[in-house]
Amino acid sequence: MKHARIAWAGAVHDAVEVDGQLELRTPALKGRRVDFDEVVWLPPLAPNPPTRPRTVIALGLNYADHAKELAFKAPDEPLAFLKGEASLTGHNGFTVRPAGVQHMHYECELAVVIGRTAKRVKRADALDFVAGYTVANDYAIRDYLENWYRPNLRVKNRDTCTPLGPWRVDAADVPDPMNLALQTTVNGKVTQQGSTRDMIFDVPTLIEYFSAFMTLQPGDLILTGTPDGVVDCQPGDVIVTSIEGIGDLVNTITSSEPA
Amino acid sequence: MNIHWMPEGTVYGTLLNFQREHARWAPRMSEAPYKAPPQAPVLYIKTANTFTAAGHSIALPAGQPVAVAATLGLVMGDTGVAGAVLFNDVAIVHESYYRPPVKFQCVDGFLGIGPECVPLQRLGGLDGLAGLQLELRINGVHRQTTALAELVRDAATLLADVNEFMTLRCGDVLMLGSDCLPDGSRPLVHAGDTVEISATGFKPAVHRFEPEVIA
């Protein structure tokens, strides 16, 4: 099943995809169907409890070809960084390109949504702890890279710079998460293609690695890195990051100045 | 108040924000792999699994040196900083600041949280924070005094420089950073130690360290 979280008719709703429409789960409106273009899409995640801010882990250099592209040797352990929830935005949203920067690029990534408390999970059991998968676009603004806790938060933790969605697809509907095609288009032209089978550290390995020292909770995210093929994006560009069977996440670049 | 304060948003830490540690690092800042001194604030995130409420114990993983650090966190409200909280920012000792410190900083329990959020106006506003001194004691023995007058970026400057690229939301916390000892290290803790962090106007943050028990 494909789950969404949307704003529609004055309220936020959980919904599921049925026959090319969104079917609301809100009790008072349960069963009502609305079209995709009638709603505002939010990141497809339930809100966290008030004193448990969501953990958002992201991976750098987790595809052999992207590591090569960026002129680094592939890491011998996962290169992880963290993001705040405030950087997330939904499908069909806008992402701000700051004035004066030279290189801002998308990163199409399979995002893992944790489904139950994961502490010292073994690789063989790891997928049992996954609730589902979604698509993340983990934008980077390379002008701001500094070699201090790199990639630093000014590059990777900016408001609007982590679109997520449109769907959270149940893990049961993704029998092999390690064999999914990824693709990004910029204004309809294919610029990035890859497969999750080329990850250096696959999803089970990542869950084992992180849960060895940090307990993951339902709703926590792991963004698993991006393959080769990142290019600069300008205001007005429409970026579609797609993962086979998971979804097509649409985002438009906008400038930081009001139009 | 009958329960201890806990963060409701993302907790950010700040590296190299004390003059002494910054000065110790300065000669190396232009060498590989850093190649240049940091321009923007160097931040890291303490994830929710690190939160340890006041009075609770923190498990020490075996085999790696663990350091404690006294810091003050600014707690964001609806309209700017609402208050401040003492924190014990625990980390596995790491010599390199090149890669994000997730496996050193985000170990379960590795953020000891003070018992209360003190309203900013009671502390004399952001400018009043510069008069605070944080005291760190291990088993009752004084180990470090940290004067917030010695920040590289004071609270107002740090907030402005962080907000330039990301919005701190209501409930988010920005820790101002921690100082090193004169030799560049931070106080180490061992199983059985009790660490107390205190400052005038705050109830102390007390946490006991216990050996990790692997089920």
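User: Which domains does the assignment give for chain A of this predicted model?

Analyst: The domain assignment of chain A gives domain 1 (1-42) and domain 2 (48-255). The C-alpha centres of these domains of chain A lie 25 Å apart.

User: What makes residues of domain 1 of chain A count as in contact with domain 2 of chain A?

Analyst: Two residues are in contact if their C-beta atoms lie within 7 Å. Seven residues of domain 1 of chain A are in contact with 10 residues of domain 2 of chain A. On the domain 1 side, the elements giving two or more residues are β1 (2-8) and β5 (40-42) of chain A. β1(A) gives the most to that side, with three residues. The residues of that side divide into four nonpolar, one polar and two charged.

User: Where in chain B is B:Pro115 found?

Analyst: B:Pro115 is in the loop between β9 (111-113) and β10 (118-119) of chain B.

User: Why is B:Pro115 called partly exposed?

Analyst: A residue is buried if 20 or more other C-beta atoms lie within 10 Å of its own, and exposed if 12 or fewer do. B:Pro115 has 18 such atoms within 10 Å, so B:Pro115 is partly exposed.

User: Which residues is B:Pro115 in contact with, leaving aside neighbours within four places in sequence?

Analyst: B:Pro115 is in contact with B:His4, B:Trp5, B:Ala54, B:Lys203 and B:Ala205, once neighbours within four places in sequence are left aside.

User: How many residues apart in sequence are B:Pro115 and B:Gly177?

Analyst: B:Pro115 and B:Gly177 are 62 residues apart in sequence, and 19 Å apart in space, C-alpha to C-alpha.

Note on methods:
Residues are numbered from 1 along each chain as its sequence is written. Chains are lettered from A and ligands numbered from 1 in the order in which they are written. This is a predicted model: local features need pLDDT of at least 70, side-chain atom pairs count only at pLDDT 80 or more; totals for chains, interfaces and linings use all residues. Helices (H or I, at least four residues) and strands (E, at least two) are DSSP runs, numbered from the N terminus. Domain bounds come from an automatic or database domain assignment. Ala, Val, Leu, Ile, Met, Phe, Trp, Tyr, Cys and Pro count as nonpolar, Asp, Glu, Lys and Arg as charged, and the others, Gly among them, as polar.
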